Structure formats: structure tokens, C-alpha cells
Amino acid sequence: FNFVMMDRNIHEAPAFLKMAQALGGESIDFRHVVPIGTYFAPDDLLSNHTGKYNFYRPQILAGAGRLSMPIYLPAPFADGPPGDGGGAGTAAAGACG
């Protein structure tokens, strides 16, 4: 499974873990949205909301650990609140990333 993270959906990422597992997902690749052309709102970029991403990141890692769901999760933003302070995250045995 893949989850494209942006300001308007990052709060859904912890619940996405449970949905992916219920649907038989074996792993999740979390990525930041990549702006393409003129069809995006700059405010959707989590690089403009570093504290928000750093707040949800440890929740995503913890949820993946509880579910034993391998994930890839980008590192926290250095200029926001530290969150878990880790680098690019993986969770569970046989993690991706």
C-alpha cells in the first residue's frame, strides 16, 4: 500500500495502517506529496507544516509497531518539534525502506 502525505490528510495516516492490514496489506510506503505543475496548493505541503508532520510521525511508527506492519516513513523535519527524533523510519520485523 502507498499513502501520500499532505497537510489535509496526515491525521488519517494512523487509521490507514489498520485499514491496510484489514485489506491484507503487507507493508505501507508513506511519502510526502510531490508538487507537479500548477495543480496543487502550496499549503498542502508538509514542509510548510513541519510540526504537524513531526507530531503524527511517532504515532504512525507506534501504530505500525503494534500491528507488526512494515512501513517506510520519511525522517522528521529538523526545524519542527522533534517528535521521535529518529531518521527515516521503519517499523516491524522485515521493515521496508
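**A close look at strand E2**

Modeller: Strand E1 (residues 2-5) and strand E2 (residues 28-32) run parallel and are joined by four bridges. Strands here are DSSP runs of E with at least two residues, helices are runs of H or I with at least four, and both are numbered from the N terminus; two strands pair if DSSP finds at least two bridges between them. This is a predicted model, in which local features need pLDDT of at least 70 and side-chain atom pairs count only at pLDDT 80 or more, while totals for chains, interfaces and linings use all residues. Residues are numbered from 1 along each chain as its sequence is written, and side-chain values use heavy atoms, leaving out hydrogens and water.

E2 also runs parallel to strand E3 (residues 71-73), with two bridges between them. Asp 29 of E2 stands opposite Asn 2, and its bridge partner in E3 is Tyr 72.

Now for the helices. E1, helix H1 (residues 13-22) and E2 form a right-handed β-α-β unit, and E2, helix H2 (residues 50-67) and E3 form a right-handed one too. Right-handed means that, with the strands pointing away from the viewer, the path from the first strand over the helix to the second runs clockwise.

Finally, Phe 30. Beyond its neighbours within four places in sequence, Phe 30 is in contact (heavy atoms within 4.5 Å) with residues including Phe 3, Leu 17, Ile 60 and Ile 71.
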